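Here's a quick tour of a structure, with a few stops worth looking at. Have the 3D view ready and follow along.

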2 protein chains.
Amino acid sequence: MVGLRLPYKALTILCVSKLTDVPKRILIGRALRSDRLGETLLPKRIALPVFASDALSSVAYAPGEVLLVLSVAGVSAYHFSPWIALAVVVVMFTVVASYRQNVHAYPSGGGDYEVATTNLGPKAGLTVASALLVDYVLTVAVSITSGIENLGSAIPFVVEHKVLCAVAVIVLLTLMNLRGVKESGSLFAIPTYVFVAGVFIMIAWGAFRALVLGDTMQAPTADFHIKAEQEGLAGFALVFLLLRAFSSGCAALTGVEAVSNGVPAFRKPKSKNAATTLSMMGVLAITMLVGIIALALVTDVRMAENPAQDLLKGSVPVGPGYVQDPVITQVAEAVFGNGSFLFIVLAAATALVLFLAANTAYNGFPVLGSILAQDRYLPRQLHTRGDRLAFSNGIVLLAGAAALLVVIYGADSTRLIQLYIVGVFVSFTLSQTGMVRHWNRHLRTEKDADKRRHMIRSRAINAFGAFLTGLVLVVVLVTKFTHGAWVALLGMCIFFATMTAIRKHYDRVAEEIAADETPSDETIRPSRVHSIVLVSKLHRPTLRALAYAKLIRSDRLEALSISVDPAETKALKDDWERRGIDIPLKILDSPYREVTRPVIDYVKSLRRESPRDVVSVYIPEYVVGHWYEHLLHNQSALRLKGRLLFTPGVMVTSVPYQLESSEAAKKRARKRAEWNAPGSVRRGPVERRPKEPSSKA
Amino acid sequence: MVGLRLPYKALTILCVSKLTDVPKRILIGRALRSDRLGETLLPKRIALPVFASDALSSVAYAPGEVLLVLSVAGVSAYHFSPWIALAVVVVMFTVVASYRQNVHAYPSGGGDYEVATTNLGPKAGLTVASALLVDYVLTVAVSITSGIENLGSAIPFVVEHKVLCAVAVIVLLTLMNLRGVKESGSLFAIPTYVFVAGVFIMIAWGAFRALVLGDTMQAPTADFHIKAEQEGLAGFALVFLLLRAFSSGCAALTGVEAVSNGVPAFRKPKSKNAATTLSMMGVLAITMLVGIIALALVTDVRMAENPAQDLLKGSVPVGPGYVQDPVITQVAEAVFGNGSFLFIVLAAATALVLFLAANTAYNGFPVLGSILAQDRYLPRQLHTRGDRLAFSNGIVLLAGAAALLVVIYGADSTRLIQLYIVGVFVSFTLSQTGMVRHWNRHLRTEKDADKRRHMIRSRAINAFGAFLTGLVLVVVLVTKFTHGAWVALLGMCIFFATMTAIRKHYDRVAEEIAADETPSDETIRPSRVHSIVLVSKLHRPTLRALAYAKLIRSDRLEALSISVDPAETKALKDDWERRGIDIPLKILDSPYREVTRPVIDYVKSLRRESPRDVVSVYIPEYVVGHWYEHLLHNQSALRLKGRLLFTPGVMVTSVPYQLESSEAAKKRARKRAEWNAPGSVRRGPVERRPKEPSSKA
């Protein structure tokens with residue numbers, strides 16, 4: 001197993017590492033740089049938990065949401081739940097089959113954004129990107145909220161302080177990700193497998209007790225009654241309710257697309273392995289979903305949208321103090337017994353998997369950001385892979401938005417899920433539609449009959465996928481719009497508008513700076529260089545700047561000093577003469593001790609005299625090691641530089657002088673270079689291009 | 001009156017200015033730049049309110065403090081108050097006489113800091129500076145708090161929300177000063193003269209009513225009783241209490257030194273006019289102080305340190321809801337009648353003068369900062385006179401500290417005053433001691449008998465001043481230390497330590513960078529220049545950078561591109577060839593799309609190959625106009641620049657390309673240049689030195 005470290009081993013390593021690095025290297029190998037780490041490819045058994053934690057964890061909340069909606073028509077409506085589960089299973093099956101085609105056709109890991117952009121054009125791609133960005137925010141909000149609720153069924157304190165705990169987990173994950181915790185597959189593998197195993201044991205044991213032993217298992221809410229909010233629904237109203245329940249159940253599909261973003265991280269044959277993993281994930285998710293719903297019906301779980309009023313104990317509402325536990329923990333309580341070891345383990349594993357699912361969004365958000373930056377929809381500096389600054393900004397934005405949602409919605413997963421499903425199905429639909437176009441295009445040129453048959457089959461699958469997910473999207477929009485889906489749509493619009501504006505800005509600038517075909521442009525044909533070295537005193541930085549400026553042979557070279565104190569100016573002139581420096585020294589008077597204005601005025605006057613000359617200003621600069629030293633040095637230089645840049649025909653040269661303290665900064669920079677961007681394990685290695693050493697035009 | 005603008009006139013101007021500038025120019029003259037404004041010298045009648053608002057306003061709180069302390073020994077101790085007033089008057093007289101000598105000897109406006117540094121050395125100077133900085137903070141805190149209390153006797157709401165109102169006034173003054181409100185003498189003249197006139201009318205009318213009409217005037221607290229906290233004090237305990245009362249009374253002396261900082265702003269003969277103004281101020285302050293205390297005794301004002309318990313109505317304490325009004329308003333109520341027009345006017349004028357006194361600190365703090373920066377005790381960039389950035393930083397620091405004190409001390413002027421007097425007397429004592437040394441030094445060389453006699457007289461005055469203020473300082477320290485003076489001392493120590501550390505840092509750096517006498521230093525004798533132009537695409541900024549770099553003729557010139565996308569690199573190479581650019585293009589591979597690391601590594605490898613070469617890196621840079629555009633451009637260039645500066649033997653040249661949007665920034669810069677530093681009216685004009693055009697070594 002890649003990089004598997006058991007906790008006690010890690011502890012040993014931690015203790016030993018202070019004595020010597022050798023045992024550590026023997027035990028876990030040389031520390032990997034982030035780029036090296038990426039080159040470790042994932043076998044299927046690790047890839048499954050890494051990419052499927054998001055999708056699998058959604059079975060922790062999807063079944064409950066179905067029952068919640070049905071309860072509106074009273075407990076009798078629960079008998080529709082198997083049919084709804086079946087519908088969700090059909091959609092899940094379709095989506096998995098569709099994405100198997102994506103994985104084969106687009107092994108680059110660009111995911112839905114790439115598929116939509118390539119086949120449907122940039123607007124569709126940007127729509128998908130906006131949907132995915134909103135989705136990442138909601139993955140964090142929903143998963144953590146739901147995790148807190150699951151944890152809460154074992155630890156009451158947590159559920160009593162839901163918002164606080166949820167925000168605390170967000171902060172914790174944020175800090176972990178900002179610090180750059182090195183990931184390993186085992187981080188995902190252990191809790192995910194414990195969770196899957198736990199659910200399967202629960203299903204098997206529950207089935208055994210019910211069918212073989214004939215036990216009557218009772219969920220803690222089994223003897224509650226539900227006051228139907230809308231009694232005797234029929235016709236359109238009933239259909240609408242069932243569709244709403246189905247929409248909620250589709251929350252189980254969130255995260256399915258993750259594998260298609262991670263193909264490069266798989267072992268070869270990448271696409272095949274990814275497709276197999278996707279199928280395994282589908283089978284697991286479907287089994288767990290159906291099993292949990294079945295057990296919920298058997299154990300008579302009762303859930304209501306407004307438990308305080310609609311859940312009756314005898315004939316009295318349970319009141320606002322009542323906390324409605326998730327279906328999965330209610331079923332676990334019925335099957336394993338409250339407080340039993342397996343109950344606790346399952347509750348903990350469920351919460352942990354949900355937190356891991358949230359963590360995947362922390363990794364996915366900056367990766368998508370980097371792809372969008374490459375296409376100039378986001379600031380260009382984000383395009384660096386695993387760049388710390390870009391990563392940090394993305395993480396803070398994501399965490400801030402998620403925390404805001406958690407606070408606004410009072411850490412209520414049911415209300416947050418209403419927002420969740422829109423984005424997922426927007427990207428499903430657009431991606432599948434894109435795939436249909438993809439096959440159409442390839443079929444136009446493909447001659448090989450075998451391949452054609454294969455493509456036609458794939459196209460059929462994707463076409464059905466597009467149709468079905470599109471249908472679900474419409475259903476979701478119709479049934480959920482007023483329940484909160486509009487918020488998700490608004491978020492998508494904001495992302496879309498911002499990214500369009502950024503792209504427009506870059507395009508406009510690109511046009512503005514595009515070079516003419518004939519290089520006749522006056523602005524780029526300067527005639528001579530007039531160099532100015534700024535001098536305050538004759539110390540080493542100045543001497544260095546003077547030496548460098550002389551070395552560079554401009555047409556005219558002079559030193560310029562701003563006189564703010566007659567005594568200092570006098571000393572400078574004397575020193576200048578004594579040292580016999582053969583550069584003319586010009587002194588400008590500045591009664592208000594300003595530095596910037598006289599220099600700018602002088603440079604402007606030079607430019608007026610000979611407009612085709614270039615003025616080159618040399619500024620000696622101190623390089624320091626601590627932030628507070630920056631406050632003490634270079635401030636005037638910085639401001640001057642800022643102003644000079646606005647003056648046309650000027651270049652500004654910093655001649656750095658490294659003070660001793662700058663060593664400290666160098667050390668810090670080295671440490672920073674060893675930072676590991678979280679999420680690299682999911683991203684796979686970079687494809688190395690053949691080196692192009694150096695060429696000459 | 002200089003620059004007097006009545007509100008309705010200002011309003012007219014505001015309306016008209018939108019139509020045309022001509023009427024405005026006719027009415028108020030051409031807009032003055034801050035440097036021009038400074039050249040308007042102040043006549044005595046304007047200088048008095050400008051510089052004396054601080055000192056005169058302190059009579060609003062000093063008399064009350066005396067009575068408060070005496071009340072500890074019961075109301076019978078009030079009969080000591082005339083003697084304490086007399087002692088304060090003696091000190092005031094001495095201090096004014098002493099500062100008249102300062103004004104003549106140091107007409108440059110350096111004030112106590114200059115006197116102490118010149119005559120007693122830098123440590124004494126720094127002590128004075130620390131004391132003055134603490135003083136400025138306390139001037140704001142005490143004056144505003146006291147102003148709020150005075151306002152509160154007319155408007156109960158204000159006193160019920162003391163802390164809130166005080167902080168609001170601080171915020172208001174801060175914003176006004178940050179925005180750079182143009183000052184005029186009238187801003188100070190009107191409220192100060194109204195205040196002085198009001199107090200004099202009150203004293204005269206009160207004396208007339210008491211002596212001629214024989215009226216019995218009753219302060220609102222006249223029939224209260226005071227429960228003496230320490231009954232029957234005698235001996236040392238009584239003396240100590242009287243000394244404490246005297247210390248509190250000395251609060252009347254705060255602000256006296258202001259004139260000595262403002263000599264350059266006076267009309268000629270500067271020193272003589274300043275000395276006269278100082279005397280006028282002394283006479284006014286003494287008369288007002290004595291008058292108010294006398295009226296307080298006549299009208300039976302009762303004040304207690306803890307009014308809630310020690311002020312009895314009959315024999316019942318007034319309780320915590322009781323608000324103790326300042327002496328000046330109690331007296332005004334007794335003399336003019338509660339709610340009468342003159343009472344309201346006086347309360348408002350008092351509050352306004354106190355706020356103006358706080359405002360003087362806003363002006364004084366950055367001026368002192370600029371002087372300290374010149375001596376390298378504060379960051380060097382603060383030395384620019386009226387520099388906006390320096391000014392803003394100083395203002396925010398001052399306001400933050402003052403607001404903190406106001407909140408901590410619950411806007412209780414009595415508690416804040418305990419901190420106030422230490423700093424004032426530290427600088428008085430050191431300044432006067434310095435003056436004695438000054439005269440001693442001059443007497444050593446002076447031959448003229450007349451002048452010698454004059455100097456000996458001045459020395460005697462200053463020596464007595466030093467002795468008396470030193471004595472007061474000891475009294476203040478002994479009687480007030482535990483009451484809060486230690487906070488002021490702590491503040492002084494913090495300022496002192498910080499400034500010493502900054503100076504040490506500058507000195508260490510100066511030593512590190514000092515040039516050797518023989519310019520044999522290897523580091524400043526490079527042999528050749530290897531120039532590198534960073535290229536991403538062939539657009540105008542790049543072409544400009546290439547053209548500039550070529551113009552400058554280095555020993556070796558090449559273009560360097562980091563390949564982050566093979567397609568783009570290919571396009572660049574093709575473009576390069578097609579345009580026939582005669583500079584070799586080197587391409588470095590960067591699979592992780594990093595830009596910084598490959599460039600740094602390449603530069604380092606060049607340096608290793610030929611260590612004596614200088615590497616000159618040209619970076620094309622976009623100049624933009626809006627802050628958010630900065631997020632979209634140059635981030636990689638900025639980071640690269642930052643890293644390159646740490647590599648020895650490198651210079652970094654920015655070749656700016658001004659985008660169209662940069663025009664917006666230029667306009668803003670022009671606006672900013674027209675900003676007026678508040679306080680310029682008190683600072684006087686700069687002495688112009690003869691221009692030194694340009695000289696050649």
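Which residue in β5(B) is the bridge partner of B:Val533? In β5(B), that partner is B:Ala559.

A quick note before the details: this is a predicted model, where local features need pLDDT of at least 70, side-chain atom pairs count only at pLDDT 80 or more, and totals for chains, interfaces and linings use all residues. Residues are numbered from 1 along each chain as its sequence is written, while chains are lettered from A and ligands numbered from 1 in the order in which they are written.

**Strand β4 of chain B**
- β4(B) covers residues 529–534, and six of its six residues are buried (buried means 20 or more other C-beta atoms within 10 Å of a residue's own, exposed means 12 or fewer, partly exposed is in between, and C-beta atoms are placed from the backbone).
- In a regular strand, side chains alternate between the two faces of the sheet.
- Here, B:Val529, B:Ser531 and B:Val533 point one way, and B:His530, B:Ile532 and B:Leu534 point the other way.
- β4(B) runs parallel to β5(B) (residues 556–563), joined by five bridges; two strands pair if DSSP finds at least two bridges between them.
- β4(B) also pairs in the parallel sense with β7(B) (residues 614–623), again over five bridges, and B:Ser531 stands opposite B:Ser616 there.

**A three-stranded sheet in chain B**
- Three strands of chain B form an open, antiparallel sheet in the order β1-β2-β3.
- The edges are β1 (224–226) and β3 (316–317), each pairing on one side only.
- Three bridges link β1(B) to β2(B), which spans residues 311–313, and B:Phe224 sits opposite B:Lys313.

**Chain A overall**
- Chain A has 28 helices and eight strands (these are DSSP runs numbered from the N terminus: helices are H or I with at least four residues, strands are E with at least two).
- Of its 697 residues, 50% count as buried.

**Two helices in chain A**
- The axes of α24(A) (residues 596–609) and α26(A) (residues 635–645) come within 10 Å and cross at roughly 30 degrees (axes are lines fitted to C-alpha atoms, for helices over the stretch in contact, and angles run from 0 to 180 degrees between N-to-C directions).
- The two helices are therefore roughly parallel to each other, as angles under 35 degrees count as roughly parallel, over 145 as roughly antiparallel, 65 to 115 as roughly perpendicular and the rest as oblique.
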